[in-house]
Amino acid sequence: MTGNKHALVIIDMLNDFIGPKAALRCENGEKIVANIRKAVDFAYNHDIQVVYIQEAHRKNDADFRVRPVHAIKGTWGSDFIEELRPDESKGDYVVQKRRHSAFSYTDFDLFLREEAIDTVVLTGVWTNVCVRSTASDALYHGYNIICLSDGTASKDDDMHRSGLRDIGLFGEVMTVDQYIEEAKKKFPAGSTV
């Protein structure tokens, strides 16, 4: 496992992606909620920074030229699902984005550098779009990448596997349980990383 200081990154686990009322529903995303929750709880107990990425479009965003209207800033659709809400009391950080990558026109890179984080641990939806775009930009910005295969999802298994295959070319791909086992050795409970 690479890196000395990790950030667990939860990408777009929002009402407009998860659940039967979602405008751009990723049904497989509903299957990963418990795994991401497990990773978040582990991060809290091992002083690993948790970062929530929130798609928050403007009303007439250019993104809607190619995809249905979704995740408009300030609406229910752009809000986090109940099971995975940021907790400011635990130091969670929220990055709002309007493009696929969490790095694109946001302060994500600045935040990671200020916190001396060298490794991003990626979870969320869609593996082949927003997760992959964030992973690519993380590489371009000089970060180590770990992608949690059962903490990410796409519309179908082919899309998911395709995203993981691409990310695996320049980062580590492992399950939530594999990550936790490796991270326990690196970051003992209650340690400051």
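Q: Why are α1 and α5 called roughly parallel to each other?
A: In this predicted model, the two helices α1 and α5 pack at an angle of about 10°, with their axes 10 Å apart. Angles under 35 degrees count as roughly parallel, and α1 and α5 are therefore described that way.

Q: Which residues of α1 and α5 meet?
A: From α1 come N35, K38, A39 and F42, and these meet V176, D177, Y179, I180, A183 and K184 in α5. Sorted by class, this contact has six nonpolar, one polar and three charged residues.

Q: How do you know that the span of helix α1 agrees with its number of residues?
A: Helix α1 has 13 residues (33-45), which at 1.5 Å a residue should span 18 Å, and because its end C-alpha atoms are 19 Å apart, the two values agree.

Q: Against what do the buried residues of α1 pack?
A: The buried residues of α1, among them V33, I36 and V40, pack against the strands β1, β2, β4 and β5 and against α5.

Q: What makes C147 count as buried?
A: Buried means under 20% relative accessible area, and C147, at 0% relative accessibility, therefore counts as buried. C130 is buried by that rule too, because its relative accessible area is 2%.

Q: Why is the sulfur of C130 too far for a bond with the closest cysteine sulfur?
A: A disulfide needs two cysteine sulfur atoms within 2.5 Å, whereas the sulfur of C130 is 10 Å from the closest one, in C26, and is therefore too far for a bond. A search of the whole structure finds zero disulfides.

Definitions and conventions. Residues are numbered from 1 along each chain as its sequence is written. This is a predicted model: local features need pLDDT of at least 70, side-chain atom pairs count only at pLDDT 80 or more; totals for chains, interfaces and linings use all residues. Side-chain values use heavy atoms; hydrogens and water are left out. Helices (H or I, at least four residues) and strands (E, at least two) are DSSP runs, numbered from the N terminus. The expected span of a helix is 1.5 Å times one less than its number of residues. Buried means under 20% relative accessible area, exposed over 50%, partly exposed in between (1.4 Å probe, protein chains only). Contact means heavy atoms within 4.5 Å. Axes are lines fitted to C-alpha atoms, for helices over the stretch in contact, and angles run from 0 to 180 degrees between N-to-C directions. Angles under 35 degrees count as roughly parallel, over 145 as roughly antiparallel, 65 to 115 as roughly perpendicular and the rest as oblique. Ala, Val, Leu, Ile, Met, Phe, Trp, Tyr, Cys and Pro count as nonpolar, Asp, Glu, Lys and Arg as charged, and the others, Gly among them, as polar.
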